[in-house]
Amino acid sequence: MHSLVRVEHVMGMAVSLDLDDQLPIDELERLADEVFDWLRVVDAIFSTYKADSEISRLGRGELRREECSGLVGEVLDRCAELWDETGGYFDINAGGVLDPSGYVKGWAVQRACDQLLERGSANHCLNAGGDVFVRGAPRGRERWRVGIRHPWEAMAVAWVLEVSDAAVATSGTYERGLHVVDPYRGVPATDLRSVTVVGPDLGTADAYATAALAMGNAGIDWLATLPGHECAVVTSDGRALRSDGLPVAAES
């Protein structure tokens, strides 16, 4: 029996998959193939960088919603719910074009991990550009360890978390610049440098992190109201804040 680690470039980023189940290697390879095939399907449908993607064509008015795949309708419906849950701060039209990527990446990873569980993988970690879902644990440990990147030092971490059966989503300004827009002011959000949300579903956690970043300092108090979620925030003036229940790893 074996474990398997695979890294591929898909959805415009490095995506790493760690399968740590006691399964034959050919079965692990098949599971990994299914994960990356699914992520390529998502990229083809939802990439805002591909002019021929369904989401790009929908945004330009070349397609009607009912002409798109069912996946597009599913994502748009959930984004509408998240707009309501976040008081309008998670707004897929805030940048002036239709862009649900603040939900899609986490949603795609979550669905891939749910499919892995259905197919017999109870111990895995899927990391898409720092948005992570883990299930079970690697051999010899009780939980997976997930590092949260330091928002100013690329080779350092701000926190290391120990999690199992959980999503860890981070939204920040340190890689893509000021790309999150405050939809009420119509300007890029600048108060917060990094927001991390830990919860049961990666798509939702990703959207919550994006919304909090858009809120600015008000997002710190808003995050504290989310049941079943923990959070960590680094402000643009260097304050590091975290909820009491954040599963920070003990120093070894």
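Helix α3 (residues 70-85) and helix α4 (residues 101-118) pack at an angle of about 120 degrees, their axes lying 11 Å apart. The structure is a predicted model, in which local features need pLDDT of at least 70 and side-chain atom pairs count only at pLDDT 80 or more, while totals for chains, interfaces and linings use all residues. Residues are numbered from 1 along each chain as its sequence is written, and side-chain values use heavy atoms, without hydrogens and water.

**The helix pair**

- The angle makes α3 oblique to α4 (under 35 degrees is roughly parallel, over 145 roughly antiparallel, 65 to 115 roughly perpendicular, and the rest oblique).
- Axes are lines fitted to C-alpha atoms, for helices over the stretch in contact, and angles run from 0 to 180 degrees between N-to-C directions.
- Helices (H or I, at least four residues) and strands (E, at least two) are DSSP runs, numbered from the N terminus.
- In the contact (heavy atoms within 4.5 Å), α3 contributes L71, E74, V75, R78, C79 and L82, and α4 contributes Y103, V104, W107 and R111.

**The sheet**

- Eight strands form an open sheet in the order β1-β2-β3-β4-β7-β10-β11-β12, with antiparallel pairing (strands pair if DSSP finds at least two bridges between them).
- Because β1 (2-10) and β12 (240-242) are at the edges with a single partner strand each, one side of each has no neighbour in the sheet.
- From one strand to the next, the twist averages 10 degrees.
- Six bridges join β10 (residues 192-199) and β11 (residues 230-235) in the antiparallel sense.

**Helix on sheet**

- Helix α1 (residues 25-46) packs on the sheet and touches β1, β2 (13-23) and β3 (124-128).
- The direction of α1 makes about 20 degrees with that of β1.
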